[in-house]
Amino acid sequence: MKIDIHHIPTQGLMLDVERQAQHFSGLKAMMENGECEFVEPLAIHLDVLPMKDFIRVKGRLDTTLRQDCVRCLESFEYPLQCRFILNYSREIPQDLHNAETEGIELTADQIGMVFFEGEEIDFTDAIQEQAILGMPFKPICKANCKGLCPRCGKDLNFGPCLCNEKEPDGPFAVLKDLKLP
Ligand SMILES: [Zn+2]
Ligand SMILES: [Zn+2]
């Protein structure tokens, strides 16, 4: 997914592409590890606009993911939508130099600056990174997922298990009736 920077008109250009997740090595590896499954291809929309010192890319990424809920372990599908802005620059822009001399610490990431060499920009890595950043760290099938009972393993979304009822028979049940002076 490359563009030749000399082919960007001054008013900018729009790119609409669909790519299978297998096209991205990192996403492919995640699927092979069983971390997630892409139910749909990635729908990618990029607005590429040449600025004075850099090229601004406003991006949108939509797809549908399938992952296992960390609470109940059931797999579920959900829409993944990412919005991002990336600034592609051949070299560190003047503003950044100024920030450095004034003692303000800025990293390329903080201002969304991506450096490239040559005459082409390849969006593949950046899009993959955005997809990974957009995925939940701990996917949960629904906000009120009750998860599994830690004792019997029953999925509590389908109703309570019997563990709570048995509790008074446990080794500490006697403490419940103990009356302190
Ligand atoms: Zn769940
Ligand atoms: Zn239980």
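This is a predicted model: local features need pLDDT of at least 70, side-chain atom pairs count only at pLDDT 80 or more; totals for chains, interfaces and linings use all residues.
Start with the zinc ion (ligand 1). Its protein donors are the SG atoms of Cys-69, Cys-72, Cys-141 and Cys-145, lying 2.3 Å from the ion. The four donor atoms subtend angles of 106 to 112°, so the arrangement is tetrahedral. For comparison, the ideal tetrahedral angle at a metal is 109.5 degrees. Along the sequence, the donor residues follow the spacing C-x2-C-x68-C-x3-C. Cys-141 has a relative accessible area of 25%, so Cys-141 is partly exposed. Cys-145 is at 5% and therefore counts as buried, since the cut-off for buried is under 20%.

Now turn to the zinc ion (ligand 2). Cys-149, Cys-152, Cys-161 and Cys-163 coordinate this ion through their SG atoms, at 2.2 to 2.3 Å. This site is tetrahedral, with angles of 106 to 112° among the four donor atoms. The sequence spacing of its donor residues is C-x2-C-x8-C-x1-C. Cys-149 lies in the loop between H3 and H4, while Cys-163 lies in helix H4, so the pair ties together parts 14 residues apart in sequence. Both Cys-149 and Cys-163 are buried.

Asp-155 is buried but has no salt bridge. The nearest side chain of opposite charge belongs to Lys-142, 6.6 Å away. What does the side chain of Asp-155 make a polar contact with? The partner is the side chain of Asn-157, at 2.9 Å. Leaving out residues up to four places away in sequence, Asp-155 touches Cys-72, Glu-74, Gly-147 and Leu-148.

Definitions and conventions
Residues are numbered from 1 along each chain as its sequence is written. Chains are lettered from A and ligands numbered from 1 in the order in which they are written. Side-chain values use heavy atoms; hydrogens and water are left out. Donors are N, O and S atoms within 2.8 Å of the metal (3.2 Å for Na, K and Ca); water is not among the atoms, so sites may look incomplete. Four donors count as tetrahedral if all angles lie between 85 and 135 degrees; four count as square planar and six as octahedral if opposite donors are over 155 degrees apart and all others between 65 and 115; anything else is irregular. Buried means under 20% relative accessible area, exposed over 50%, partly exposed in between (1.4 Å probe, protein chains only). Lys and Arg count as positive and Asp and Glu as negative; His and the chain ends are not counted. A salt bridge is a side-chain nitrogen of Lys or Arg within 4 Å of a carboxyl oxygen of Asp or Glu. A polar contact is a pair of N or O atoms within 3.5 Å; within protein, one must be able to donate a hydrogen and the other to accept it, and residues adjacent in sequence count only if both atoms are side-chain atoms. Contact means heavy atoms within 4.5 Å. Helices (H or I, at least four residues) and strands (E, at least two) are DSSP runs, numbered from the N terminus.
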